[in-house]
Amino acid sequence: MADLPSDVSLGALVTVGIVTVAVTIVVIFLFIRYFERRRLAALTLAVTFAFWDLGAISVFLGSLIHYLRQPIAEGLSQVVRYGFNIGYAFSAISNIFLVIFISQIFAQSPMFRKTYKMVPLANAILNGVTIGLIIDTIIADPLNPAYPLEQTIYHLIMTFVAFLLLLFFSIVSRGRVELRWEKAGFSFIIGSALAGIMIYLMLALDRVVTLFVPGFEEGYTPFLYIGWTFAILMCTLAYAGYVMPTFLRRLFKEEKDLG
Amino acid sequence: MIENAIIFTKEANQVLITSTFGEVDPGMDDFSNSLAKIQEIAIKLEKGVFNLDLAAGLTAIIFAIQNISVALVFSESIDKRAIIEWEDVAKQIATGIDKIYDPKSSDNDCSECKKVLDEIVEWHLKEESPIDKMKDALW
């Protein structure tokens with residue numbers, strides 16, 4: 001079976017760099033919003049994106065160091081593999097905080113009334129499994145940790161669960177609001193969640209194609225670039241949906257609201 | 001702003017349970033006329049929502065769900081969004097009561113039904129709506 005590529009492409013490095021900058025901008029805005037409002041849900045969301053940002057930073061730094069040191073001589077550590085593994089671990093932590101955020105905002109739902117905090121707790125434990133799998137992978141081969149397809153698929157499923165919860169509740173809430181800008185806010189969040197799902201679907205497809213399709217053994221299939229492009233889209237929509245800057249709110253406000 | 005909740009069973013044509021969350025108790029003499037009006041509609045209403053203006057600025061929203069009608073009395077008129085949110089609450093109450101109440105049995109435990117009603121309404125009152133939370137925390 002093919003493994004992760006031993007050389008990092010400049011295109012992938014630049015794409016991940018752009019994603020990292022985009023997420024960092026969203027994180028900064030979310031923390032500014034938290035310090036303005038001092039609400040727990042705002043802090044949870046900022047932490048969610050901060051961990052996702054740490055994931056992107058890990059992949060970027062891993063890729064950058066690897067790129068500067070390549071070709072990596074046999075017996076030396078393939079830093080990009082650490083970047084990917086640590087990145088996925090941070091992404092799993094981000095999933096944990098995303099579901100906590102959902103349970104805070106949509107707490108009125110019967111699901112959270114009946115189960116209280118069991119949903120975020122169970123989700124945290126299941127995402128903890130991802131982190132455990134990653135630790136195992138690194139321990140198994142500290143110099144050259146792999147990223148097995150099973151781990152990618154498992155993390156993809158956990159991300160699906162988190163984003164589908166967000167999607168479901170956002171769609172329900174969107175149907176209940178009356179003002180255009182509120183509808184727009186939930187629409188952007190729905191778009192952001194869909195883009196979030198697409199990121200991991202594309203990254204999983206990248207691994208599948210790398211492992212099973214002849215001619216892609218070197219890695220960096222188009223799915224990887226599409227995945228990171230969805231990440232930029234997710235950040236843009238998250239900024240629009242969660243931060244809802246004034247210009248966007250004005251754009252979607254009805255005339256009767258402007259007065 | 002919710003004052004009380006009254007659950008009617010259509011089969012028995014009567015009030016099953018009531019619960020007070022504000023200052024207007026459904027058992028008060030002053031409320032008897034309003035209760036009679038609510039009951040008349042609650043029993044007749046086959047399905048859907050009925051908005052009923054009452055004396056002293058009170059408003060009753062009556063939700064007919066299968067064999068149960070849920071009447072929620074508010075101290076003021078409520079907007080469309082709030083009606084949709086309370087309709088969800090009414091559905092949850094009806095579902096909860098349906099699990100423990102048998103209209104054919106004479107051995108129903110009304111205290112259990114009241115517990116279900118109180119738990120659902122109190123949870124709804126404790127937790128703000130997602131839209132309000134989003135506006136408070138982020139928007």
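Me: What conventions apply to the numbering and to the predicted model?
Reply: Residues are numbered from 1 along each chain as its sequence is written, and chains are lettered from A and ligands numbered from 1 in the order in which they are written. Because the model is predicted, local features need pLDDT of at least 70 and side-chain atom pairs count only at pLDDT 80 or more, whereas totals for chains, interfaces and linings use all residues.

Me: Which pattern does chain B follow along the sequence?
Reply: Helices (H or I, at least four residues) and strands (E, at least two) are DSSP runs, numbered from the N terminus. Chain B has 4 helices and 5 strands, in the pattern β-β-α-β-β-β-α-α-α. Its radius of gyration, taken over C-alpha atoms, is 15 Å, close to the 14 Å of the globule rule for 139 residues (2.2 Å times the number of residues to the power 0.38), so chain B is as compact as a globular protein of that length.

Me: In what order do the strands of the sheet in chain B stand?
Reply: Strands of a sheet pair through backbone hydrogen bonds, either parallel or antiparallel. Here two strands pair if DSSP finds at least two bridges between them. In chain B the order is S2-S1-S5-S4-S3, an open sheet with antiparallel pairing. S2 (14–20) and S3 (48–53) of chain B stand at the edges with a single partner strand each, so one side of each has no neighbour in the sheet. S4(B) (59–65) and S5(B) (68–74) pair over 7 bridges, and Ile61(B) has Leu72(B) in S5(B) as its bridge partner.

Me: At what angle do H5(A) and H6(A) cross?
Reply: Two packed helices are described by the angle between their axes and the distance between the axes. The axes are lines fitted to C-alpha atoms over the stretch in contact, with angles from 0 to 180 degrees between N-to-C directions. The axes of H5(A) (118–140) and H6(A) (149–174) come within 10 Å and cross at roughly 160°. The two helices are therefore roughly antiparallel (over 145 degrees).

Technical notes
Angles under 35 degrees count as roughly parallel, over 145 as roughly antiparallel, 65 to 115 as roughly perpendicular and the rest as oblique.
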